[in-house]
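This report describes selected parts of a structure with the sequence and coordinates at hand. Please keep both in view while reading.

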Amino acid sequence: MAKDSKARRGQAVIIVALFVSAVIVSMALAISRTSTEHQLLRSYSYNEVVNDIDQDLSRTLERILAEATRIFVGSADFDPSRLWAKDFFTYYVKSLLNAYSGIGLQVNIDLSKSLVLQPQKELKVDINGVTKTFIINERRITDLIKAYWYSPESISAIYVPFAANVTGYGFYGWRKEVLLSLTLDILSIRTSTSKKLTNLTFRVLREGGEPVGSLRAQDISVLIYDPGETGKSCWTNASVVDLSYNGGGNYSVVYNNPSSWGSYALNRSQYVFLRVKDDRGIYVEAASFTGINLVIKENIAPTKVYAPDQIYVFEMLQDGSIYWFGEELKESSGVDFAPLPPLPVKQFRVFATTKGTSGNIFEVPYQVETWTPDYTMPTPNFADWRRRFDVGNKLVFMVNYTQDPSSVVDDTKQRVFITWFDDTDAQPPTYKVVMNVSGAWVTYNVSRYYLELVARPGYSNWIDFSISMWAKTGGYHIEYMLVGYDVYRMSGGYWFPKKLPGGDWVTVTGPIRGVAYRENSIIVVPPLTQSLTDEHYHREYILIPFNTPYFTWQYYGRWLKNTQLDYRYLSVIGQISGTSGDQESSIRPKYCSIQLDPSNPNTKPDRLIINGSYHTSNVFHRDLGISIGGGKYQDADNYGYWIAQYNERFGQGVFIPQATREALRNFDKSGKDIDEVWAWTTADYARRVSEFDALDWDYENAKNYNVNKDTELSVRAAIWLFSGGTVPVDYYYQDPKDWANQNAYKSSTAVKTTDLYYKMFLEDYRPTVMSITVG
Amino acid sequence: MRLGHRSGVLRISEAMLAAGTIVTALLIATTFARSPNPLSSRYGYSLEKVAYDVLDVFAREGVPDAAMFDESGKLLSSPRWEQSLKVTLQGLLPRDIVFDLEVYNVTYDRANNTTQLVKLNSVGITNAQSEKAFVESGNVANALRPYTCRKFWVLVLKLTLAEMGGR
């Protein structure tokens with residue numbers, strides 16, 4: 001028994017030892033497990049992933065907005081900015097998904113969701129002590145980025161509604177909306193005429209109204225109106241004297257007044273174009289005004305005359321000056337033009353009244369064109385809208401007058417409102433002019449007519465009368481020759497003109513006006529199939545507006561050397577009708593009307609217009625060379641400002657301004673009256689011709705006329721389409737002094753149109769800018 | 001007596017066996033139950049958190065932009081930029097932490113609408129003598145972070161940390 005008892009005690013010690021050992025090992029395992037538990041739970045990881053995505057998303061969106069606004073500043077088109085931003089954002093999100101694919105990141109982003117950035121509000125700006133109120137419409141953001149610029153309060157923003165799950169961590173339903181923005185407010189402009197300083201104050205805030213206090217001088221660009229040198233932008237960088245930060249995102253910048261302001265300082269100081277870049281690199285641009293109100297009056301008659309086709313195509317330049325048919329409009333006293341700000345041209349919109357200044361305004365056809373900086377010639381970028389409005393650009397818009405038959409409605413004056421959208425997603429105007437190119441031919445379809453042009457004439461039969469205006473109603477056409485000189489004698493007759501300005505035309509169209517232009521020193525000599533490049537420099541353009549009855553043409557030429565002509569002859573613009581296939585047809589124009597010069601002593605008060613009919617064979621109807629017996633010659637140098645060809649259904653007139661008539665009258669320096677309107681019927685197919693000639697054809701004296709080097713020719717014309725008219729068949733007369741070799745008529749219903757509208761194109765009757773206000 | 005002698009020897013043997021068992025248990029226990037992590041004791045958080053914090057500093061301070069690209073946004077030559085990042089990491093981390101940073105560029109195949117991680121660093125951005133340092137360390141942590149550069153590369157930074165010399 002004792003032996004068993006001792007043996008059991010020994011076993012108990014071992015058992016206890018084993019138990020104690022088991023406890024120790026278990027505790028150690030528990031401690032070890034505890035110490036490594038965090039590696040299994042990953043409690044830190046999901047927090048870190050969410051925070052990282054959150055922070056990186058915000059920083060990435062900052063950079064996207066900065067880059068997108070930078071692109072926009074340079075491109076003047078917001079679409080590339082958005083396309084780039086969305087493409088990069090897609091790439092970024094895919095990168096996130098790829099990087100976190102191991103933890104099952106799922107992302108849902110709905111960029112079509114819209115968010116109100118700002119509700120509609122009234123904005124007040126203190127301009128030289130006067131509080132101006134601007135209505136800012138509700139501003140929303142969608143489609144990732146948005147920029148509302150060019151108003152006194154401008155904003156750049158990026159917005160992403162973001163939802164995500166991290167399935168690997170069992171983390172679902174994470175939702176977040178990220179909105180980043182930069183807002184710029186122009187608060188006041190105050191100029192001191194005595195100190196010749198202007199103080200501009202503005203405020204810069206980021207999202208959540210947080211002030212931006214880190215702007216440096218190089219982060220700010222202040223453009224002010226300085227109408228100094230022609231050919232240079234009238235928007236210049238302000239000469240900044242001081243920039244100070246006043247807290248709360250408020251800044252004031254003081255700059256010198258340009259010397260060009262003079263006594264207009266109070267008015268001209270109100271035009272400010274401000275660009276700011278914050279420390280994130282985000283841009284925003286603001287303008288101190290949002291539109292220009294003008295009242296423009298037509299002047300073709302002392303009192304209203306119903307003239308529904310009185311449609312002007314006005315051209316507004318960067319400095320605010322307005323032109324029509326190459327002439328600056330008249331201005332009422334006290335009118336100071338307001339400049340167009342240097343913003344993307346697609347932002348502009350033009351509205352005008354139709355029934356006088358108190359009527360409702362409607363959007364009118366408009367476009368922006370790019371010309372050379374001195375505005376003398378169009379450029380190949382004529383209709384390029386991806387640009388900022390700059391020197392060389394023209395804002396072109398149409399205003400229609402006197403289209404209401406009621407004499408009670410005073411639509412001789414119309415109110416025009418030129419404004420620009422703050423929404424940078426604004427699209428450029430849609431094209432109304434359709435231009436087709438077919439081989440050497442280019443056709444402009446402008447609703448009322450087609451203009452056909454042999455744009456690459458070479459030495460074809462179309463080299464001279466290479467422009468053709470086709471009526472859509474009436475279905476016929478008249479062709480035009482624009483400048484030709486000298487006459488070539490060939491066996492059995494004469495070829496004239498011997499020489500013509502040559503070279504291909506550049507043809508472009510914008511939304512509401514097409515253009516064809518060329519500039520070179522090429523002179524073609526069709527009878528000899530030759531060309532010269534050392535005789536005559538020329539530049540010319542044709543402007544073809546939409547839905548008007550006219551197109552216009554402008555020409556400048558200069559002789560490069562002393563040039564002896566085979567025969568004296570210089571035609572400035574001529575019209576010809578009739579083809580080889582319709583000699584006997586009634587569809588041809590058969591009448592010609594010519595306005596006489598009322599100041600010419602030979603002009604009878606009851607016969608201010610000559611109306612004649614063409615012949616069926618080669619004769620001259622009006623020409624200085626026509627002898628009327630007794631040594632007297634017809635006074636074809638008596639002419640006014642228009643000529644026209646027509647029949648009962650169709651007609652076209654040529655209107656010239658006063659300066660062109662003077663150019664015709666004064667081209668010859670010898671003092672002879674050898675300029676004329678030449679009307680005749682040709683030998684080939686009895687075609688009908690009427691033309692303004694600076695030098696008549698002197699067929700009797702060969703090699704008898706020289707054009708001196710540096711002689712210039714600067715002329716313009718408008719070609720007007722109308723519906724023709726009739727002459728009283730029993731009321732004709734035959735007087736070779738008026739119209740030789742055919743009947744003349746004492747009246748014509750056709751001339752009512754031409755005699756009504758030609759004043760539109762005369763300098764003395766150009767419209768007047770009555771008032772300009774800026775808001 | 002003989003019986004008593006044999007009994008004494010047996011007890012001693014049993015006692016030694018019991019003591020040996022306990023000592024063995026203690027040895028096993030010490031193998032599992034190590035002393036507290038000195039890093040955690042010093043910084044109050046885990047190695048993984050340290051890794052994320054380092055990458056956060058990288059992002060906030062724009063370290064990849066500054067270290068990897070020139071003014072025009074062109075990637076600097078290798079191993080210049082890798083060396084810059086290594087020096088930056090050495091400055092941020094205690095000496096007893098070994099690190100290995102891998103930098104990936106995310107390429108985007110627009111035609112197929114796919115992305116791919118392409119490793120950018122051609123030399124290691126690490127202070128470890130060999131990969132063994134990470135294998136042998138009982139405390140290894142990884143962190144990952146996307147980073148959008150100023151010139152619009154999307155990078156993915158993968159940082160691995162380990163305590164030098166194991167636990």
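Which residues of α5(B) are buried? They are B:Trp81, B:Glu82, B:Leu85, B:Lys86, B:Thr88 and B:Leu89. A residue is buried if 20 or more other C-beta atoms, placed from the backbone, lie within 10 Å of its own, exposed if 12 or fewer, and partly exposed in between.

## Basis of the report

This is a predicted model, in which local features need pLDDT of at least 70 and side-chain atom pairs count only at pLDDT 80 or more, while totals for chains, interfaces and linings use all residues. Residues are numbered from 1 along each chain as its sequence is written, and chains are lettered from A and ligands numbered from 1 in the order in which they are written.

## Helix α5 of chain B

Helix α5 of chain B covers residues 80-92, 13 residues in total. Helices (H or I, at least four residues) and strands (E, at least two) are DSSP runs, numbered from the N terminus. From first C-alpha to last, α5(B) reaches 19 Å, close to the expected 18 Å; the expected span is 1.5 Å times one less than the number of residues.

Seen down the helix axis, the buried residues of α5(B) fall within an arc of 160 degrees, so they line one face. The arc is that of the directions from the helix axis to the C-beta atoms. An α-helix has 3.6 residues a turn, so residues three or four places apart point the same way. On the other side of α5(B), B:Arg80, B:Val87 and B:Gly91 are exposed. The cover over the buried residues includes α3, α4, β1 and β3 of chain B.

## B:Leu157

B:Leu157 lies in strand β5 (residues 154-163) of chain B. B:Leu157 counts as buried because it has 22 C-beta neighbours inside 10 Å.

Leaving aside neighbours within four places in sequence, B:Leu157 is in contact (C-beta atoms, placed from the backbone, within 7 Å) with residues including B:Leu55, B:Phe58 and B:Leu101.

## Where chain B touches chain A

How many residues of chain B are in contact with chain A? There are 35, in contact with 34 residues of chain A. Elements giving two or more residues to this side of chain B include α1, α3 and β5. The most come from α1(B), with 15 residues.

By class, this side of chain B has 23 nonpolar, six polar and six charged residues. Ala, Val, Leu, Ile, Met, Phe, Trp, Tyr, Cys and Pro count as nonpolar, Asp, Glu, Lys and Arg as charged, and the others, Gly among them, as polar.

Note on methods
Two residues are in contact if their C-beta atoms, placed from the backbone, lie within 7 Å.
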